[in-house]
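Me: I have a structure open and would like to learn how to read its features. Could we go through them in turn?

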Amino acid sequence: MKCTFVSAGSDAIGEGPEELRPIPVTRRALRIAPWPVTAILLGIASPANAQAIPATSDELAPPWNAQRIFEPSALPDLVDRDNREAIAPEDMPVKKRQQPGYEPVGIRQGSWMFNPSLMTGALYDSNVFASNTQKRGDVAAVIEPSLRAHTLWERHGIDIKLNSRTTAYNENSSLDQTDVSLKGAGWIDIANDMVVLGSFQIAHLNEGVGSLSSPSNAVTPTPYNLMSGDLTVRKEFNRLTTSIGARVDSYDYGTARAQDGSLIDQSSRDGQIYALHGRVDYAFSPVLGWFGGVEGNQRNIRGVPGQTLDSTGYRALSGLTVGFGNLLRGEFGGGYVEQRFDNPLIGTVDGPSYRAKLTWSPTRLMDIHVKAEQLVTQTSDTSSTGVLANAVQVGVDYELRRNVILSLAGAYEIDRFFGQARKDRVTTTNASVKYLMNRFSAISAYHRYTSRDSDIPTFSYDKHQVGLNVTAQF
């Protein structure tokens, strides 16, 4: 079970790293089109935020759902591969479509294509320390250069992205941080119905102040290094699609600084997580399918002397996938999750889990996303604090014009904590607009509101974040 707290952060509302653009694909290569790679594997991670359950996200297209088995997947396509047509821009999700005339030009070198970009922006945070007693607002400058490189081969492929994101505050320099990430994905087309998928990440990241896994009295981000890799084999048998894979994540945490100036050592969270995962999809018809996924893990976490954080666990989920063309698509599943810690003082964190996600496109200009989920997890991959989270999320993406995208989203989540008398209620709203001026530049503006209401007043806070970004790309 790899249950990371992922924020409904910058990428979800358009102010974060610019997504990589899809490249034209042949009929034969549709199943390994690079856009799923960019949406899932190649964006730099944003700092954790208030939510335990990720915000509404786009569905994963085959074959990359094989590496994210608990995320909603597109219904298997029963049309013969050789007769499949390339997906028209207007039939892609609103936030993923690439209209002619607005795609990046790129620099071609042999069979490789390079796409450099530079995003600069400014943001205002009304409560930079996520405090309910000492609210302090500040403005910050953001700069994010990136370089994507991908192959143009007919069969196999490699897709790599290197980028960094620096945030520098005007009055509170202790919050300054720089995230650097190198992510990559590759696939080997062994046969017409079989592919080997690989992905990796090498990154230096930061946990933001006020996140669930950040120390409660920290006034600086918590830095950590992450190395991860996944290798998965995906095989199709007409209506049946199967996958099996293995993943490893290695964490190395630094120190944060407390309000009194002392250092908060987070090295007890260092360690490795090993996981095996598999998924099965069966299409009863072009509009209805069944899926089942299971992932087991072994966690070797340092902990503190006399109190290990080692554990083993699993998560299993099964349900139905529905799809009515471009009008309605979704996935509904239920299952169970369990994590057994070697330390008897922690014990076992377990419970039922469910997920329902639906995307409705009443017109080609609008996507409406609805997601409801219950999850038993930890505040981070390498901590022992258990959380039972229930969330309902709704989002709308609207194409006002070919080059203007409006996005609105809201979420309500209830977090119940194991081992302490604590119950939190989290409310978030997101609004953004993105304007593509031409192939070489874009402007985006956003507003995000977060409110955490906790039974323990120390953890309660609310904040507004407003920002403007300008992106240059080639």
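**Aromatic pairs**

Reply: Start with two tryptophans, Trp64 and Trp187, both of which are buried. Keep in mind that this is a predicted model.

Me: What kind of aromatic pair do Trp64 and Trp187 form?

Reply: A pair of aromatic rings is described by the distance of the centres and the angle of the planes. For Trp64 and Trp187 the centres are 5.9 Å apart and the planes are at 80°, so the pair counts as edge-to-face, the term for angles over 60 degrees. Trp64 lies in the loop between H2 and E1, and Trp187 lies in strand E5, so the pair ties together parts that are 123 residues apart in sequence.

Me: How do I read the pair of Tyr224 and Tyr251?

Reply: Read the distance and the angle again. The centres of Tyr224 and Tyr251 are 6.3 Å apart with 35° between the planes, and this pair is tilted. Tyr224 sits in strand E7 and Tyr251 in strand E8 (residues 240–253), 27 residues apart, which makes this a link between distant parts of the chain. Both tyrosines, Tyr224 and Tyr251, are buried.

Me: How many aromatic pairs does the count come to?

Reply: The count is 8 aromatic pairs. Rings can also form a cluster, as Trp112, Phe114 and Trp153 do.

Me: Which residues does the salt bridge of Glu399 join, and where do they lie?

Reply: For a salt bridge, look at the distance between N and O, then at where the partners lie. The side chain of Glu399 meets that of Arg97, with 3.1 Å from N to O. Glu399 belongs to strand E17 (residues 386–401) and Arg97 to the loop between helix H2 (35–40) and strand E1 (107–109), so the bridge ties together parts 302 residues apart in sequence. Glu399 and Arg97 are buried.

Me: Which residue forms a salt bridge with Lys235?

Reply: The partner of Lys235 is Asp193, and their closest N and O atoms are 3.1 Å apart. Lys235 is in strand E7 (residues 222–237), while Asp193 is in the loop between strand E5 (177–191) and strand E6 (194–207), so the pair ties together parts 42 residues apart in sequence. Asp193 is partly exposed, at 28% relative accessibility.

Me: Which residues make up the largest nonpolar core?

Reply: A core is read from its members and from the elements that supply them. The largest one has 11 residues: Met119, Leu123, Val128, Phe129, Ala140, Val142, Tyr169, Leu175, Val209, Val219 and Tyr446.

Me: Which residues form the nonpolar patch on the surface?

Reply: The patch consists of Tyr282, Phe284, Val287, Leu288, Trp290, Leu320, Phe324, Leu327 and Trp360, with about 790 Å² of accessible area together. E11, strand E12 (288–301) and strand E13 (311–324) each supply at least two of its residues. Trp290, found in strand E12, is partly exposed with a relative accessible area of 33%.

Me: Is Ser268 buried or exposed?

Reply: Ser268 is buried, at 18% relative accessibility. Its place is the loop between strand E10 (263–265) and strand E11 (271–285). Beyond its neighbours within four places in sequence, Ser268 is in contact with Ile301, Arg302, Gly303, Val304 and Leu309.

**The whole chain**

Me: How many helices and strands does the protein have?

Reply: The protein has 2 helices and 21 strands. Of its 474 residues, 52% are buried. The accessible surface is about 19,600 Å², with 60% belonging to carbon and sulfur atoms. Among contacts between residues at least 6 apart in sequence, 62% join residues at least 24 apart.

Key: Residues numbered from 1 in each chain as written. Predicted model: local features only at pLDDT ≥ 70, side-chain atom pairs only at ≥ 80, totals over all residues. Heavy atoms only, no water. Salt bridge = Lys/Arg side-chain N within 4 Å of Asp/Glu carboxyl O. Helix = DSSP H or I, 4+ residues; strand = E, 2+ residues; numbered from the N terminus. Buried < 20%, exposed > 50% of the residue type's maximum accessible area, 1.4 Å probe, protein only. Contact = heavy atoms within 4.5 Å. Core = buried A, V, L, I, M, F, W, Y, C linked by side-chain atoms within 4.5 Å. Patch = residues over 30% accessible without salt bridge, like charges linked within 9 Å, V, L, I, M, F, W, Y side chains within 5 Å. Areas by Shrake-Rupley, 256 points an atom, 1.4 Å probe, with all protein chains shown as cover. Phe/Tyr/Trp six-rings, centres within 6.5 Å; stacked < 30°, edge-to-face > 60°.
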